[in-house]
Amino acid sequence: MTDFFPVMIAGFAAAVGFTPITRRLAFHFGVLDQPSARKVHQRPTPLLGGLAIYGALVLALVFFSPPFYLVEFGAILAGTTWLVLVGFVDDRQGMSPMIKMGGQIVAAAVLIAAGIHVRIFDSDILNVALTLFWIVGITNALNFQDNMDGLAAGITAIASLFFFVMAVREELSLVSSLAAALAGASVGFLLYNFNPATTFMGDMGSMVLGFLLAVLAIKLDFRVPAERQVITWMVPVVVLGLPIFDTTLVVFTRLREHRSPMQGGKDHTSHRLVSLGLSQRAAVLTLYAVSIALGLAAVALSTASIEGGVRIGAGIGLVTIAAFLFLERTYIRSKRAP
């Protein structure tokens, strides 16, 4: 494990150093997130923090990581760089959701061409289709989490730390390095992004975080008998359970209200917690606690027997359904209130 601490420390230090630079660049070039009715911030805020995260990741992985398979690393770096460019254009001048999703599909295709894809089915077509769905889905799920100060960066830091712990245990060098760099860079950026934030990551940051978390999930490989794989396949889903839950909740609500799922709004889990009386900071810390609980459950799942895994999965499922119904019901009541 100690082999990967330099990667994590480098990612953290680089993000701490790069973020003030990108903040000044954002003011200089006018790349600012303006306040609006569907946003929680009250003043124009720099929107180039994602560039600091990207730079910190590249520096940590290139100069401080142990050797790993270069073809896969090259594909991951190429897909990440491509999403930084797509995100920059979106942050700078806007982009339609469908074009942005097309850019995400291109990044996913680069991974698939390098052999990074799920291997659940006997059919390559089904595996590729599921890989595209997973990468685009998680990329957008993290993009959705960038709705309150510190939320997306904090969730990413927590999830990547749990991926890191399990990857080290399974002796997965590439996953361990990538998770360490991602955790370090996210925490370094979080120093500036936690409430009250002085800079935002923008789409170039949130899409990169989601893309890399999706990659970590695919590459986290447990050497277990075939009959236990149905349990270990649940592990990355549980680690990323909060963004998956929030995206499902928001899409359900917007479709029920006959709105586009890609239309922004104050209907995320974080917003609903605030409507229940929590401050923005308390809402974010609550969701951090949920992410930690899910990470601990995922670690337990990774070593559980089939019976134990079913019990853990059933418990998570029941809590998820209860939370979904509660948050949706309170949201409906808040909309009806005078």
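**Ground rules.** I am working with a predicted model, where local features need pLDDT of at least 70, side-chain atom pairs count only at pLDDT 80 or more, and totals for chains, interfaces and linings use all residues. Residues are numbered from 1 along each chain as its sequence is written, and side-chain values use heavy atoms, with hydrogens and water left out.

**Count.** I looked for salt bridges (a side-chain nitrogen of Lys or Arg within 4 Å of a carboxyl oxygen of Asp or Glu). The total came to 10 salt bridges.

**Asp203 and Lys100.** I found their closest N and O atoms 2.8 Å apart. Asp203 sits in helix H8 (residues 202-219) and Lys100 in helix H4 (residues 97-113), so this pair ties together parts 103 residues apart in sequence. Helices here are DSSP runs (H or I, at least four residues), numbered from the N terminus. I noted both Asp203 and Lys100 as buried; buried means under 20% relative accessible area, exposed over 50%, and partly exposed in between (1.4 Å probe, protein chains only).

**Asp267 and Arg254.** This salt bridge has its closest N and O atoms 2.8 Å apart. Asp267 is in the loop between helix H11 (241-256) and helix H12 (269-275), while Arg254 is in helix H11. I read a relative accessible area of 1% for Asp267 and 1% for Arg254.

**Glu328 and Arg256.** Here the N to O distance is 2.6 Å. The pair joins helix H14 (residues 306-336) to helix H11, 72 residues apart. Glu328 is buried at 6%, whereas Arg256 is partly exposed at 33%.

**Network.** I also logged a network of salt bridges linking Arg254, Arg256, Glu257, Arg259, Asp267, Arg272 and Glu328.

Note on methods
Helix = DSSP H or I, 4+ residues; strand = E, 2+ residues; numbered from the N terminus.
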